[in-house]
Amino acid sequence: MSKPCKLTDHSTGESLFMDEALEAIWELQEKSGTASFNDLINMMGHHSRLERMQKTGLFSLSGDAITLSEQGHARARDIIRRHRLAERLFADVLDIADYEDDACRLEHALSREAEEAICTLLGHPPRCPHDKEIPRGECCAVFTRKIKPLALNLREMEVGKEGRVLFINVPAMDRLANMGLVPGAIVRLHQKKPSYVVEVDQTTLALDEDIAQGIYVKQQG
Amino acid sequence: MDCHTTSSTQKNKRTSREGLDRIVLVGTPNVGKSVIFGLLTGKYATVSNYPGTTVEVTYGNAFIQDHSYLLVDTPGANSLMPMSEDEQVTRDILLVERPAKVVQVGDTKNLVRTLGITIQLAEMGLPMVLDLNMEDEARERGISVDIEALKKILGIEVVSTVAPERRGLRDLKNAIASEGGVPEVGLRYKDLIEEYIGQIKALLPRTNISRRSLAVMILSKDETLKSWLTGAAESHVVEEIERLRAECRLRFGRSLGAAINEARMNRASEIAEVVMSRETVEGSTALAWLGRTSMHPVWGVPVLLAVLYGLYQFVGVLGADIMVGFVEETLFGQYVNPMLTSFIESYLPIAFFRDMLIGQYGIITMALTYAIGIILPITATFFIAFSILEDSGYLPRLAIMSNRIFNIMGLSGKAVLPMVLGLGCGTMAVMTTRVLETRRDRIIATFLLSLAVPCAAQLGVILGMIGALSVKAFLIWLGVVVGLLLFTGYLASLIVPGERSDFMLEIPPIRMPSVMNVLRKTANRVVWYLKEAVPLFIYGTLVLFFLDKVALLGVLESALSPVIVGLLGLPKAATAAFLIGFFRRDYGAAGLFALSTAGMLSPVQTLVSLVTLTLFVPCLAHFFMMIKERGARTTLIMLAVIIPTALTVGGILNWVLRAFDINLL
């Protein structure tokens with residue numbers, strides 16, 4: 001379960017506070033379709049600050065129900081996207097077990113450029129590690145039309161091509177490492193049928209589709 | 001670094017209880033370690049299970065420069081941080097057996113992986129020699145290693161060999177006899193990890209390998225070390241070590257095992273970079289072409305069929321037909337048996353004992369004739385063929401080709417190894433199910449081996465009998481057995497709890513098998529087989545002999561006849577074949593063969609009896625191996641499924657063949 005980001009010193013700035021509030025509203029709406037102002041207060045505290053936030057025009061209230069304005073929706077969408085991309089980055093690539101706090105910090109710090117670079121590196125992932133949807137960004141829209149993602153798994157890679165391993169996300173990671181299949185290594189995909197066969201340096205390995213799916217490479221040539 | 005402090009104690013020669021210095025051979029799988037072992041030891045080797053496991057470890061004596069050594073050949077290991085039982089045995093041997101020297105056999109062309117293990121051995125503080133084997137394969141690929149430079153960097157003896165050609169063997173012997181030392185690899189982990197290595201090291205008891213290496217293993221969360229640690233240290237120390245490990249993991253923020261592995265691999269790559277040079281080589285060899293073709297989605301199939309045909313010609317025709325014909329009919333039938341019979345008849349006056357030796361159920365006329373006349377030629381040719389397949393590197397390619405078929409049965413392509421071996425000897429195959437990673441895979445493979453995979457001896461007799469009928473009869477037999485194999489495998493994959501293990505297999509290059517190694521392996525397997533089989537043949541025959549003498553055989557035959565005669569439509573005499581089949585499945589098949597040659601079985605009866613016997617309970621040795629490997633409860637459950645299944649399928653087949661009046665000739 002992803003917990004809402006804790007309000008720490010870094011959230012005291014008004015802009016950061018608003019980011020956290022918008023993120024919470026997005027998650028409430030995602031969970032039950034609508035977001036109640038009472039629930040938001042229960043979740044975050046800071047009643048008066050939330051009341052004040054209404055005046056910014058990021059959201060409006062009809063009774064207890066929150067409606068995000070166009071501007072508010074866009075900003076919430078961005079912050080959620082950055083948070084979930086950060087989660088994927090920490091969980092898959094950097095292999096950090098306890099990534100939630102870092103993801104909370106990173107969501108405020110990423111520029112649009114960095115966000116798109118991470119999204120591309122990860123192969124425009126559709127869902128976060130908690131299986132929630134990652135809102136699509138501009139880079140994802142372009143990707144579906146013409147640009148191939150930077151990170152492909154072996155299933156998506158072309159036979160006969162080489163690629164540099166970016167990250168590996170399978171339970172058998174340690175055994176693969178002992179065979180020389182580690183991030184940074186160059187793999188050549190020899191065949192996909194009847195089983196996957198890859199060459200790493202002078203080692204030839206046969207793999208299941210399940211494992212092949214978890215090995216992400218940057219295809220070369 | 002820590003290696004220095006321990007190396008002084010390592011220099012004192014370590015001597016084993018037998019008074020011989022121990023030399024332990026270590027290396028990744030498929031690097032020709034056993035060939036090197038054979039060259040160093042000559043023909044004397046003993047294979048035994050490592051205590052508490054069924055992993056085989058080979059011991060042999062070597063005489064090198066006026067000095068006798070005890071050589072220990074460990075199972076192939078990709079890492080000394082065990083991920084498999086094999087690797088654990090290798091690590092444990094290094095941990096407890098006090099080797100005077102370690103000889104690491106490595107793959108020249110795969111220098112990074114080789115050095116990855118060298119680094120782990122260096123960390124353990126063990127004096128060692130590095131043998132870069134298969135220099136010819138590296139040269140073919142344009143890879144060369146500067147041995148002198150590597151010697152300088154590591155500070156140990158490094159030699160280059162091509163084992164099957166005995167090239168570099170003298171250098172290797174000289175290196176083994178030399179003083180030797182602990183390699184200097186200059187590896188430092190991240191500061192935080194080093195800090196905890198220091199703290200944990202201080203708590204560890206003194207052992208054969210350096211405390212630093214044990215601390216690194218603990219930080220990598222090596223669970224296999226736990227039992228050793230609880231035995232070697234007091235409980236509060238163990239708890240403190242566990243606390244330090246958890247703290248380090250938390251502070252480090254990512255997997256320690258991965259970071260440690262990465263550091264080693266990076267250092268190995270750095271060293272390899274300095275000493276290795278590559279040039280591009282044009283074209284490729286015929287063996288490389290064969291290697292690619294044999295796993296091609298389309299062309300791999302004809303290769304597979306050709307291999308099966310070759311196997312059939314070698315084992316089915318040469319072994320089961322020509323050699324059995326010669327040994328059984330000519331050697332035993334015309335010389336051995338008549339001679340022994342006349343000898344015993346003239347010198348053994350007591351009829352009872354005479355019958356026991358040379359009667360219908362006699363130890364010589366039945367047990368030994370079958371064991372040596374029929375079974376030995378078939379298994380020997382099979383084991384030669386299997387050793388060739390194994391050493392040529394074809395078996396892993398067979399696993400690639402068959403992975404999807406095995407997926408239907410809830411297994412991975414890896415299961416092809418025990419399954420093919422099962423076509424030789426089911427007992428040995430059940431033991432080999434250890435190559436499978438999960439308990440679930442092992443249970444399914446054991447079950448299928450016990451139900452539907454006939455062993456070579458049985459197969460030889462079955463093919464002989466069916467061959468006398470027609471191709472149609474053979475196809476029906478094959479269809480029923482393979483169909484049942486897939487169907488029950490599929491059901492088992494749904495019933496047996498757990499996940500299918502992932503399929504990950506290293507594919508070695510196709511190689512020309514070394515004749516010496518094939519013969520040595522075959523000899524070991526044949527000796528093992530004779531030791532297991534011949535006593536069981538004799539016990540089985542004795543039981544039948546006594547059952548016959550007290551007329552119980554007749555009673556049992558009558559008791560079982562509703563099933564045998566009623567359900568399967570077979571003659572009453574076939575009961576004995578099924579009873580005897582429990583002692584050895586092949587023995588049962590041979591019993592049916594005798595009935596059939598005596599003209600007592602119609603074509604339908606022949607087919608039904610063969611299908612039933614193929615599926616029927618495994619032999620006694622197989623049964624004991626099942627209990628040993630899977631436990632009595634699981635084994636009994638399996639039998640409770642297998643016996644009714646065999647009889648039901650046989651019964652249905654009998655009914656169908658008769659109801660539709662199918663002509664098998």
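What volume does the largest cavity have? The largest cavity has a volume of about 160 Å³. A cavity here is a set of points, on a 1 Å grid over the protein atoms alone, where a 1.4 Å probe fits but cannot get out. Its volume is the space filled by probe spheres set on the points, which are joined across faces, edges and corners.

The model is predicted: local features need pLDDT of at least 70, side-chain atom pairs count only at pLDDT 80 or more, and totals for chains, interfaces and linings use all residues. Residues are numbered from 1 along each chain as its sequence is written, chains are lettered from A, and side-chain values use heavy atoms, without hydrogens and water.

The structure holds five cavities of 30 Å³ or more. Residues that line the largest cavity (an atom within 4 Å of a point) include B:Met217, B:Ile218, B:Leu225 and B:Val238. Charged residues such as B:Lys221 and B:Asp222 (Asp, Glu, Lys and Arg count as charged) are also in this lining.

Chain A is divided into domain 1 (1-149) and domain 2 (152-220), with bounds from an automatic or database domain assignment. Seven residues from each of these two domains of chain A take part in the contact, meaning heavy atoms within 4.5 Å. The domain centres, taken over C-alpha atoms, are separated by 33 Å.

Between them, domain 1 and domain 2 of chain A bury about 560 Å², 61% of it on carbon and sulfur atoms. Buried area is the accessible area (1.4 Å probe) that two parts lose on being put together, summed over both.

Key: 1 Å grid on protein atoms, 1.4 Å probe; cavity = no way out; pocket = protein on both sides within 12 Å on 5 of 7 lines; lining within 4 Å.
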